[in-house]
Amino acid sequence: MAIRTHTAPGDDPGAERVPSLSPSRAADFMTCPLLYRFRTIDRLPEPPSSDATRGTVVHSVLERLYELPSGERTPGRATELVRPAWDALLEAEPAVADLFADDEDGSALVAWLASAEALVERYFTLEDPTRLEPVERELYVETTLDSGLRLRGYVDRLDRAESTGDLRVVDYKTGKAPRAGFEQRAMFQMRFYALVLWRLHGRVPRLLQLIYLGSGELLRYEPDEADLRATERKLAALWAAIERATEAGDWRASPSRLCDWCSYQALCPAYGGTPPPLPDRVAASPDDDEAPSPRTSPVDA
Ligand code: SF4
């Protein structure tokens with residue numbers, strides 16, 4: 001079983017950099033400009049997290065599930081895919097082994113794999129995969145707006161209605177659904193994808209669907225052109241703010257409850273730390289040519 005590595009198709013380290021943004025990095029900047037800087041400008045490594053790694057494994061299982069003939073897409077067959085997905089991830093990213101470095105008797109790994117299996121089983125309470133034939137899974141999408149900003153990311157799944165050709169964009173989350181009042185923030189990533197697909201194919205996706213395996217809930221939204229134009233304006237404003245921060249070298253810490261999951265607290269002034277000097281190359285162009293969708297936080301997972 002192969003695991004998608006964190007490199008976008010067409011990434012060429014020697015190629016000229018184009019201003020680009022993925023939903024994850026856009027969310028970073030909206031959450032905390034300093035977090036964006038650490039991840040995207042400094043590119044400081046982060047230790048693997050249990051939640052994000054489980055997210056990667058579960059996503060891989062759900063992708064592989066749809067390679068099976070429809071009649072074989074059962075909870076039993078799906079949970080059998082968890083261990084091979086973990087083994088493939090270990091091979092692709094050996095650093096994830098650190099999660100279980102102190103697990104002498106192997107019990108922590110067994111429990112963690114069981115928690116991934118439970119999420120996969122819950123998926124079957126939300127959708128019937130024997131009745132679905134996605135047109136795409138883990139689809140890399142990219143478009144360049146008139147402003148020159150490139151948008152890109154990975155869509156977990158794309159369904160197309162046979163009769164109408166309507167598109168449904170689906171994203172899996174291994175966490176819980178957002179509390180009331182926070183749904184729109186969660187849906188931002190989906191509007192981002194919908195905008196890219198609209199620009200690519202000239203058709204607004206009919207439905208955006210988030211599947212929360214942690215709480216067994218679905219969040220759905222029907223976008224329209226006005227929504228997606230508003231998303232484009234929001235992204236333009238966000239990119240302008242990133243460019244201003246880059247020019248000024250001013251990356252403010254913005255503490256929130258998400259700091260609990262931040263790998264960089266020791267370097268953060270909000271926690272008594274001191275950020276390292278900015279790398280020289282940042283003066284040339286802020287850039288988001290990091291992987292489009294590494295699952296680096298509970299928000300991504
Ligand atoms: S600890 Fe909080 S405030 Fe500091 S960089 Fe991380 S997310 Fe931002």
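Let's start at methionine 187, which sits in helix α7 of what is a predicted model. Methionine 187 has 21 C-beta neighbours inside 10 Å, and the cut-off for buried is 20 or more, so this residue counts as buried. Leaving aside residues up to four places away in sequence, methionine 187 touches Leu208, Leu219 and Tyr221. There's also glutamine 209 to look at: 22 residues separate it from methionine 187 along the chain, yet their C-alpha atoms are 8.7 Å apart.

Now zoom out to the core. The largest nonpolar core has 56 residues, and Val58, Val61, Val169, Tyr193 and Ala194 are the ones that touch the most other members. Helix α7, spanning residues 183-201, supplies the largest share of this core with ten residues. Take valine 169 from that list: again skipping residues up to four places away in sequence, its contacts include Met190, Tyr193, Ala194 and Leu197, along with Pro205, Leu208 and Gln209.

Next, follow α7 to its contact with helix α8 (residues 225-248), where the two axes come within 9 Å and cross at roughly 105 degrees. On the α7 side the contact uses Arg191, Phe192, Ala194, Leu195 and Trp198, while α8 brings Asp227, Leu228, Thr231 and Glu232. Sorted by class, that's five nonpolar, one polar and three charged residues.

Finally, have a look at the ligand. It is surrounded by 14 residues, with Cys32, Ala253, Cys259, Cys262 and Cys268 the closest. The shell around the ligand splits into twelve nonpolar and two polar residues, with no charged ones.

Key: Residues numbered from 1 in each chain as written. Predicted model: local features only at pLDDT ≥ 70, side-chain atom pairs only at ≥ 80, totals over all residues. Core = buried A, V, L, I, M, F, W, Y, C linked by C-beta atoms within 7 Å. Buried ≥ 20, exposed ≤ 12 C-beta atoms within 10 Å, placed from the backbone. Helix = DSSP H or I, 4+ residues; strand = E, 2+ residues; numbered from the N terminus. Contact = placed C-beta atoms within 7 Å. Axes fitted to C-alpha atoms, helices over the stretch in contact; angles between N-to-C directions. Nonpolar A, V, L, I, M, F, W, Y, C, P; charged D, E, K, R; others polar. Near = placed C-beta within 6 Å.
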